[in-house]
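Me: I would like to go through this structure with you. Could we begin with the overall form and then turn to the details?

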Amino acid sequence: MYTINWGNLTAEEFLRDYWQQKPLLIRNAFPNLEPVITSDELAGLSLEEDVESRLIQFKPNNSEYQLDCGPLNEETFANLPESHWTLLVQAVDHYTPEAKALLNAFNFVPNWRIDDLMISYATPGGGVGPHYDNYDVFLIQAEGTRRWELGGIESSQSARLPDAPVMILSDFKSRESFDLEPGDMLYLPPQVAHNGVATSEDCVTYSAGFRAPSDAEILRTVSDHIGES
C-alpha cells in the first residue's frame, strides 16, 4: 500500500492552501518507493497496438524535436542515441496492479477526477520541452534525477514554437527550479509552465494526472442520470 509522507503538511492543508492554487515540492513524499514497472516492461508496453505511447527526441545541435507515436518497434529503440530522448506511456495503471495501487495514494481527491498514471523514461537531457497542462499533476520521481524548471501561468494564447510536433512554449522563462531525487514529488496546478529535463541515466518519472470535467461532460452525466431515473 502506498501512502504520501506529507512532512509538516496534511492532505486537508494541501487541498486548502495549494490545490489548484500554487506548486508544492514535497521531499521524500514516497520513502523507499519501489518501481511499479521495470524500464524493459515499459518499453514493451510501447510496442503494443492498444497502448498510447510517445517517443520524443530533442536535437541539441539545432534545438528541434522529433515525435514518434506508438506502437513503436524494437528497431526504433535499437537506433536511439545515448541521450536527449524520452519515452512516455499513458495509463500504465490500466496494465499493472502496482501502478493502480499507487494512484490510490491520492484518494483525498475525488476518484472521478483521476485521469491516469503516465510514466516517462528519459536519458540525460531528455524531456518534452517547456509546456503547460490543463490539469492538476503530481510528478513523482521514481528512479534517477530530473530538474524541473517552473515558469508563469500560460494559456492557449501563449507563444508556441512553430512547426514543432509537440506543444512547446517559445517564450518560457524559468522562475524557480528543483532537482528531484527518488521519492520526491512535485505538485503543479493547471496552466503552470514547466520544463523537466533528465539529469541522470535511467530517469523515470510518474505523472498522476487529475482532470476537471468539461461543461459538456457534466451536462452529459446529469442527463444520463435523469434518463436512468
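**Overall form and interior**

Reply: The model is a predicted one. With 229 residues, a compact globule would have a radius of gyration near 17 Å, and the 18 Å of this protein agrees with that.

Me: What box do the C-alpha atoms fill?

Reply: Along the principal axes, the C-alpha atoms fill a box of roughly 55 × 45 × 40 Å.

Me: And how many helices and strands are there?

Reply: The protein has five helices and eleven strands. Among contacts between residues at least 6 apart in sequence, 83% join residues at least 24 apart.

Me: What percentage of the residues counts as buried?

Reply: Of the 229 residues, 44% count as buried.

Me: Which residues have the most contacts inside the largest nonpolar core?

Reply: Those are Phe30, Phe106, Phe138 and Tyr206, in a core of 43 residues. Strand β11 supplies the largest share of this core, four residues. Apart from it lies another core, of nine residues, including Val137, Leu150, Phe178 and Leu186.

Me: Staying with Phe30, what does it touch beyond four places in sequence?

Reply: Phe30 touches Tyr2, Thr3 and Ile4, as well as Leu102, Ala105 and Phe106.

Me: Changing topic to the largest pocket: how much space lies in it?

Reply: About 600 Å³ of space lies in the largest pocket. The elements that give two or more residues to its lining are β2 (53-59), β4 (85-89), β5 (114-122), β6 (136-143), β7 (146-153), β10 (192-198) and β11 (203-210).

Me: Which lining residues lie nearest its centre?

Reply: Of the 30 lining residues, Arg54, Met118, His131, Asp133 and Tyr135 lie nearest the centre.

Me: How does that lining divide by class?

Reply: The lining has twelve nonpolar, eleven polar and seven charged residues.

Me: One more residue, Ser120: which strand holds it, and is Ser120 buried or exposed?

Reply: Ser120 lies in strand β5. Its relative accessibility is 6%, so Ser120 counts as buried, the cut-off being under 20%.

Me: Which residues are in contact with Ser120, leaving aside its neighbours within four places?

Reply: Ser120 is in contact with Thr86, Leu87 and Leu88, with Arg146, and with Cys203, Val204 and Thr205.

How values were computed. Residues numbered from 1 in each chain as written. Predicted model: local features only at pLDDT ≥ 70, side-chain atom pairs only at ≥ 80, totals over all residues. Heavy atoms only, no water. 1 Å grid on protein atoms, 1.4 Å probe; cavity = no way out; pocket = protein on both sides within 12 Å on 5 of 7 lines; lining within 4 Å. Points joined across faces, edges and corners; volume = space filled by probe spheres on them. Nonpolar A, V, L, I, M, F, W, Y, C, P; charged D, E, K, R; others polar. Core = buried A, V, L, I, M, F, W, Y, C linked by side-chain atoms within 4.5 Å. Buried < 20%, exposed > 50% of the residue type's maximum accessible area, 1.4 Å probe, protein only. Contact = heavy atoms within 4.5 Å. Rg over C-alpha atoms; globule rule 2.2 N^0.38 Å.
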